[in-house]
Amino acid sequence: MLKITCPFCGPRNESEFVHGGPEKPRRPEDPAALSDTDWIDHLTVPDNPMGPVREKWWHLRGCGQWVTITRDTVSHDILDEDGHDRR
Amino acid sequence: MSYAVTIRRQDLSALVDMRGEARQIAALLAGLDLALPDAPNTAAEAGDRAVYWLGPEHWLLRAPIAEEDALLAGLHKDPLPPEISLVLVSDAYAFFEISGAEAAEVMAVASPLDLHASVFPAKGSAFTEAFGLKALVVRRGDGFELAVDRSLGDMTEDYLNRVVAF
Ligand SMILES: [Zn+2]
């Protein structure tokens with residue numbers, strides 16, 4: 001179980017949140033300028049790294065806002081902005 | 001075994017869900033001689049009326065049901081600023097009182113919220129989870145109040161009674 005810190009509510013149980021998935025790369029400014037391979041890559045190939053991932057969580061059973069955290073997909077540690085374990 | 005706790009399902013409260021800029025909500029509440037709470041997830045109380053700060057730009061105004069008309073009249077402003085939302089939700093929630101020496105023990109079964117006084121103070125009020133449902137928890141002098149969607153009130157009452165008499 002994760003303990004996720006909401007900026008409004010403070011540390012709360014993972015079960016209060018809905019996972020909103022990883023932050024997606026920005027949409028290219030001019031998709032028409034991309035090769036088909038790069039465009040398809042942007043649209044359909046998600047990153048799935050082992051290690052820190054920036055991701056969204058929705059505090060549905062709480063204050064209702066979206067929270068962005070960095071979570072290590074291997075250790076489950078939630079990291080601060082500098083990549084340090086927050087515990 | 002059972003916990004030294006009294007569970008009581010309350011009658012309806014007058015409830016107004018308020019969203020928008022703090023400045024504009026505060027101006028409306030001033031008409032009722034009410035102020036916004038100072039800190040997130042706390043309440044501001046005046047007599048038998050309370051304002052809970054439950055989310056960014058989100059408050060819940062609560063009063064006895066007999067005062068519903070007075071609340072609405074007090075909040076009325078024509079025109080209402082278009083950026084804010086006031087919704088009468090009196091019939092949307094079922095409130096329970098969990099009072100007594102072991103109220104915190106029952107709450108600990110119901111909800112993962114940290115209810116220690118250092119985290120959830122005297123005027124604490126927050127949305128959290130209870131029995132897997134979205135729930136409002138409010139601290140009161142002799143225990144807590146718990147509110148869930150009213151359609152889930154019977155189920156929550158049953159759960160609470162099962163916790164008390166385990
Ligand atoms: Zn929150």
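**Entry 1: terms and ground rules**

Buried means under 20% relative accessible area, exposed means over 50%, and partly exposed lies in between (1.4 Å probe, protein chains only). I am reading a predicted model, where local features need pLDDT of at least 70, side-chain atom pairs count only at pLDDT 80 or more, and totals for chains, interfaces and linings use all residues. Residues are numbered from 1 along each chain as its sequence is written, chains are lettered from A and ligands numbered from 1 in the order in which they are written, and side-chain values use heavy atoms, with hydrogens and water left out.

**Entry 2: the zinc site**

I looked up what holds the zinc ion. Its protein donors are A:Cys6 (SG), A:Cys9 (SG), A:His59 (ND1) and A:Cys63 (SG), at 2.0 to 2.5 Å. Donors here are N, O and S atoms within 2.8 Å of the metal (3.2 Å for Na, K and Ca); water is not among the atoms, so sites may look incomplete. Along the chain, the donors of the zinc ion follow the spacing C-x2-C-x49-H-x3-C. I noted that A:Cys9 sits in the loop between β1 (3-6) and β2 (10-13) of chain A, and A:His59 in the loop between β4 and β5 (66-72) of chain A, 50 residues apart. Strands are DSSP runs of E, at least two residues; helices are runs of H or I, at least four; both are numbered from the N terminus.

I then checked the geometry. The 4 donor atoms subtend angles of 102 to 119 degrees around the zinc ion, so the arrangement is tetrahedral (four donors, all angles between 85 and 135 degrees). A:His59 is buried at 0% relative accessibility. A:Cys9 is buried too, at 14%.

**Entry 3: salt bridges**

I found 14 salt bridges over all chains. The term means a side-chain nitrogen of Lys or Arg within 4 Å of a carboxyl oxygen of Asp or Glu.

A:Glu23 lies in the loop between β3 (18-22) and α1 (36-44), A:Arg54 in strand β4 (residues 52-58), so the pair ties together parts 31 residues apart in sequence. A:Glu23 is partly exposed at 36%.

In chain B, B:Glu145 meets B:Arg62 at 2.8 Å. The pair joins strand β10 (residues 143-149) to strand β5 (residues 58-64), 83 residues apart in sequence. Both B:Glu145 and B:Arg62 are buried.

B:Arg140 and B:Asp142 also form a salt bridge, 2.8 Å from N to O. Through shared partners, B:Arg8, B:Glu97, B:Arg140 and B:Asp142 belong to one network.

Key: Four donors count as tetrahedral if all angles lie between 85 and 135 degrees; four count as square planar and six as octahedral if opposite donors are over 155 degrees apart and all others between 65 and 115; anything else is irregular.
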